[in-house]
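Here are some notes to read alongside the structure, written for someone who is meeting it for the first time. They begin with the meeting of two chains, then turn to a single chain and its parts.

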Amino acid sequence: MTRELSYAEAVREALRQAMEQDPGVVLLGEDIGTYGGAFGVTDGLLEQFGPERVRDTPISEAAITGCAIGAALTGLRPVLEVQFMDFITLCMEQLVLQAAKIRYMFGGKAQVPLVLRTPAGAGTGAAAQHSESLEAWFVHVPGLKVVAPSTPRDAKGLLLASIRDPNPVVFVEHKLLYRTRGPVPEEPYELPLGRAEVKREGTDVTVVATSGMVPRALAAADRLAEEGVSVEVVDPRTLRPLDTDTILASVRKTGRVVVVYEGVKTLGVGAEIAARIAESDALYHLQAPVVRLGGAECPIPYNRNLERAAVPQEEDVVQAVRQVLAA
Amino acid sequence: MKTASLPTERLRAMLATMLLIRAFEEKAEELYGLGRVHGTMHLSIGQEAVAVGVCEALRPDDYILSTHRGHGHCLAKGADVRRMMAEFLGKETGYCRGRGGSMHIADVEGGNLGANGIVGGGLPIATGVGLSIQVRGSGQVCVAFFGDGAANEGAFHESVNLASIWDLPVVFVCENNQYAMSMPVRQSMRVERVSDRACAYGIPGRTVDGMDVLAVFEAASEAVERARAGGGPTLLECVTYRYRGHSKSDRQRYRTREEVARWRAQDPIERLRRLLEEQGLVQPGEFDALAAAAREQVEEAVRFAEASPEPDPSTLLEDVYA
């Protein structure tokens, strides 16, 4: 049966069902127990599963990341919550030099089935050190999968698949999505990693949008439809491995493309997507240069108006689509 | 130095393992000097008593996390010297199929979850192994080896704290070999002993003579039993010395020949040999035979490794999943 859930509820349901099905799934993180997580995602899980499997940790990002790695190496399936994606900078050595490399470095003799969940993105007035979208850093690391769902349904199915994946997954949850609602099947289900989804079909222009940019792209598409412009919205959902085929198929169809992502524009996820288009035969289908809409080249500012200006908004997507149509 | 009422066979086995580690590393050094090794290595010659004394206190199904100076840990945990040598020479038959090399040798099946190229890198991982043991209720123990240099990493403090608050079955073994590359331990910390730091985490801390394999074994056994019984972690400092430089680039400007000679007079293999000979547990001439057997085992490993195939470049992307 399918019913409406918020994105946060969908993540929680995935955690609960994974823990019910597999006693090896344990949760680690700062304030995930009694407090329920900084964004309330793990609310109620301590009560249901107890402190043995829902572990409130000290503020020790390096240790708890390594803790998840060691547990994963020896038979558990830990899910680590890193309270804000900005704090992942404190996890880097363990995540990038250990988790990502162990399987390869050990000649395939070990696996690290861990999930690192983390809320990302601007829009909450949390300013420069609590608003980052750093997913591109991890897309650059062979050995990490990077998943960034944009809907409650995707969040649940992709999280269940990530937990069962034998390899480390960085699972990016945009903070502004937590309260968004949508249909979510009640039973456990997995959505395959590495598979994009066309969120809206269209014929005039392709908008490839990631994570929190997907709802903005869809809202822009609604507005443009009123002007008679048919926009196709593609959500990669997994950033590494990236489903290039689905993106290229859409570009071949529409001949115009806007790539929208919240991380800093330079060398962001959209840079890779644009490069893959340029490297492929889809290039010959382009009727206009690719437009990239990324985050501004500055830290996320505190002031509401400045913060809005630092990140692509619905209006920016509308303008960008008009730009590629006019070219 | 006491034999701690250990059976003779066990004492001889400890001597044999120390000899094997010494022979392996002397051969590694020789092969390196002959230009037959591509890459770097860190030798633990002089520190064999720590690896052997600690691993002797473990069960086969217990775990260790090793360091960049990890050949001794790996052999003491029971690894196959042939597959180790093959890894050192970058061969397909090595423990990591030639992908890891000296700094990343792991014998996962044997409970060695890997040497580590990052100082202190194994410490956070050890807490997770401890967590897993605790959740699974498997009764195993995890030993995390690290050096005096790692004791100044943030990861050390975070990890010991985490293990202590959760009573994890982890034994933190500091091999204090006096230098973090060139930095003397006296200049890198104000406490007298690394083990003094244990009180900051509310756990037992102990310092032992790391050149005395039986003292190490006795202290490690106590810590391992405590961890296995649910008593939580211990910080065990073994005071030892590396005879060779940090790595091959080391011109050893930070210490004197006299200092090295003073430590070599405490050689852990010689000390055990004297003890066993004095007590009549090793007969005259037997030691030389044991040493020769260790060297022959290593020679056989070299023959195996050199006859083994190189990894095929077409397999470059095997075990890449993303």
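1. Between chain B and chain A there is one salt bridge, and this is a predicted model, a point to keep in mind throughout. The partners are Asp319(B) and Arg103(A), whose side chains meet with a distance of 3.9 Å from N to O. That value can be set beside the cut-off, since a salt bridge is counted when the nitrogen lies within 4 Å of the carboxyl oxygen.

2. Polar contacts also link the two chains, and the count between chain B and chain A is 14 residue pairs, both residues of each pair having a pLDDT of 80 or more. On the side of chain B that touches chain A, the elements that give two or more residues are α5 (122-136) and α6 (154-165) of chain B. The largest share of that side comes from α5(B), with 10 residues. Sorted by class, the residues of this side of chain B are 19 nonpolar, 12 polar and seven charged.

3. How much area do chain B and chain A bury between them? The figure is about 3,200 Å², and 66% of it is on carbon and sulfur atoms. Within chain B, the residues that lose the most area to chain A are Glu158(B), Tyr321(B) and Ala322(B), which together make up 22% of what that side buries. In terms of contacts, 38 residues of chain B meet 44 residues of chain A.

4. Turning to chain A by itself, we find 12 helices and 14 strands. Its radius of gyration is 19 Å, close to the 20 Å that the globule rule gives for 327 residues, so chain A is as compact as a globular protein of that length. Along the principal axes, the C-alpha trace of chain A spans about 60 × 40 × 40 Å.

5. The domain assignment divides chain A into domain 1 (2-185) and domain 2 (197-326), and the centres of these two domains, taken over C-alpha atoms, are 26 Å apart. Contact between them involves 30 residues of domain 1 of chain A and 24 residues of domain 2 of chain A. The area buried between the two domains is about 2,000 Å², with carbon and sulfur atoms giving 56% of it. On the side of domain 1 of chain A, the residues that lose the most area to domain 2 of chain A are Val139(A), Ala148(A) and Ser150(A), together 21% of what that side buries.

6. Which side chains form salt bridges across this domain interface? The rule finds two salt bridges there, and Asp154(A) and Lys199(A) meet in a salt bridge with an N to O distance of 2.5 Å. The side of domain 1 of chain A that touches domain 2 of chain A draws at least two residues from each of α6 (135-139), β6 (145-147) and α7 (152-164) of chain A. Of these, α6(A) gives the most, with four residues, and by class this side has 17 nonpolar, nine polar and four charged residues.

7. Over all chains, the structure holds 47 salt bridges. One of them joins Arg322(A) to Glu227(A), the closest N and O atoms being 2.3 Å apart. Arg322(A) lies in helix α12 (residues 314-326) of chain A, whereas Glu227(A) lies in the loop between α8 (213-226) and β11 (231-235) of chain A, so the pair ties together parts that are 95 residues apart in sequence.

Key: Residues numbered from 1 in each chain as written. Chains lettered and ligands numbered in written order. Predicted model: local features only at pLDDT ≥ 70, side-chain atom pairs only at ≥ 80, totals over all residues. Heavy atoms only, no water. Domains from an automatic or database assignment. Contact = heavy atoms within 4.5 Å. Buried area = accessible area lost by both parts, 1.4 Å probe. Nonpolar A, V, L, I, M, F, W, Y, C, P; charged D, E, K, R; others polar. Polar contact = N/O pair within 3.5 Å; in protein donor to acceptor, adjacent residues only side chain to side chain. Rg over C-alpha atoms; globule rule 2.2 N^0.38 Å.
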